[in-house]
Amino acid sequence: MGIIIEQYKKTVLPRFQESKGVYYFTYKDFPSLKHEKHSVDSEGNLLKGYLYYYTNYKRNYLIVYAHGLGGGHHSDMHEIELLARNGYQVFAFDFTGFCESEGEDAISLSHSLVDLSNVIEYCKKNLSFKHLYLMGHSMGGYAVGNVANFVDGIEKVVMVSPFVSISSGVDGFLISKRGPLWNFIKKRIKKYETRINEKYYKSSLFDALLHENIKFFIAHSRDDSIVPYELNCKRLEEKCKGKNVTFYVVNGKNHNPNYSSSAVSYLGRVFSSLNDLTSSSETKNDKFKNVDWNKVTEQDEEFWNKVIAFLNEGEK
């Protein structure tokens with residue numbers, strides 16, 4: 001495999017588990033939120049998913065939610081619950097190699113499209129709905145947008161901080177790394193991603209947004225340090241002017257334009273403190289004990305007003 005790809009898989013695509021000390025919200029934190037367990041086969045690995053809803057949900061509408069790198073769908077439970085609170089059934093799952101799902105590791109960034117395609121087909125066969133919407137964050141945003149190039153029946157897509165393609169994703173992760181050596185490393189990583197699945201590697205949001213029968217909502221913050229705005233959303237804004245695309249671009253939200261400003265600031269302080277442990281005996285768990293996790297994940301009202309209005313538009 002080579003040392004470059006070994007390190008790439010170790011740092012970007014390992015076997016993801018929920019981080020010790022971090023509080024992950026579940027359905028138990030939201031009284032009356034219903035949930036149903038599901039298992040989806042994806043190339044031999046079973047993906048664990050849940051259908052979330054309140055009893056007053058809209059019978060004909062389903063949102064499939066895709067999480068990003070670093071944790072499974074429980075990392076985004078406030079987002080999932082908010083969608084359910086607004087009347088939607090939400091099917092959320094863990095990608096291959098993440099948390100409750102099977103898989104030795106995450107395989108590749110493009111494998112998110114393999115999993116999402118299989119999840120959508122499962123939902124079509126096993127759940128009752130007429131209108132299919134998608135929403136995702138970061139890698140999940142990339143996946144829900146790009147899957148439109150391969151799967152039929154999608155009506156609306158909400159992407160939060162998505163990278164345009166695998167190539168732009170890799171470039172973004174290593175944007176601060178320059179010079180011949182780093183250019184060589186990027187080429188090797190892209191070659192690996194191409195070898196894993198060339199069809200999905202070549203997929204791009206530039207192509208996806210040409211599907212005029214699908215409406216897209218793209219949110220990004222100009223100071224995103226993980227998925228740089230200049231390499232991704234800004235390029236889409238410049239080249240994709242279709243009436244089917246809505247852009248929501250903000251400042252000062254880093255990788256979470258759906259979070260409130262106070263949440264983004266608080267989150268930054270929490271994780272910067274991990275680099276300043278006061279003693280050798282102090283651990284991350286010690287730092288996390290006093291964290292207000294509701295404050296960390298507080299949602300931005302303006303963002304959600306726009307997203308819900310986008311989803312509601314045209315519904316009967």
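Predicted model: local features only at pLDDT ≥ 70, side-chain atom pairs only at ≥ 80, totals over all residues.
Residues are numbered from 1 along each chain as its sequence is written, and side-chain values use heavy atoms, with hydrogens and water left out. Helices (H or I, at least four residues) and strands (E, at least two) are DSSP runs, numbered from the N terminus.

- Eight strands make an open sheet with mixed pairing, in the order 1-2-4-3-5-6-7-8; two strands count as paired if DSSP finds at least two bridges between them.
- At the edges sit strand 1 (34-42) and strand 8 (245-250), each pairing on one side only.
- On average, neighbouring strands of this sheet are turned by 20° against each other, direction ignored; axes are lines fitted to C-alpha atoms, for helices over the stretch in contact, and angles run from 0 to 180 degrees between N-to-C directions.
- Strand 1 and strand 2 form a hairpin with 2 residues between them, and Glu43 in the turn has a positive phi of about 55°.
- Within this pair of strands, His38 stands opposite Gly49 in strand 2.
- Strand 3 (residues 61-66) and strand 5 (residues 131-137) run parallel, joined by 6 bridges.
- Val64 has Leu134 in strand 5 as its bridge partner.
- Helix 3 (residues 111-126) lies across strand 1, strand 2 (45-53), strand 3, strand 4 (89-93) and strand 5, and runs at about 120° to strand 1.

- Helix 6 (residues 180-196) has 17 residues and reaches 25 Å from its first C-alpha to its last, close to the 24 Å expected at 1.5 Å a residue; the expected span is 1.5 Å times one less than the number of residues.
- Its buried residues are Ile185, Lys186, Ile189, Lys190, Tyr192 and Glu193; buried means under 20% relative accessible area, exposed over 50%, and partly exposed in between (1.4 Å probe, protein chains only).
- Seen down the axis of helix 6, the buried residues fall within an arc of 155°, so they line one face of the helix; the arc is that of the directions from the helix axis to the C-beta atoms.
- These buried residues of helix 6 pack against helix 1 (3-11), helix 5 (166-173) and helix 7 (198-201), where contact means heavy atoms within 4.5 Å.
- Turned away from the buried side is a face with the exposed residues Pro180, Leu181, Lys187, Lys191 and Arg195.

**Salt bridges**

- The count comes to 7 salt bridges, each being a side-chain nitrogen of Lys or Arg within 4 Å of a carboxyl oxygen of Asp or Glu.
- One of them joins the side chains of Lys58 and Glu315 at 2.7 Å, N to O.
- That pair links distant parts of the chain, 257 residues apart: Lys58 is in the loop between strand 2 and strand 3, and Glu315 is in the segment after helix 13 (301-312).
- Lys58 is partly exposed at 23% relative accessibility, while Glu315 is buried at 19%.
- Glu81 forms a salt bridge with Arg85, with the closest N and O atoms 2.8 Å apart.
- Both Glu81 and Arg85 lie in helix 2 (residues 77-85), 4 residues apart, about one turn of the helix.
- Glu81 is buried at 5% relative accessibility, whereas Arg85 is exposed at 51%.
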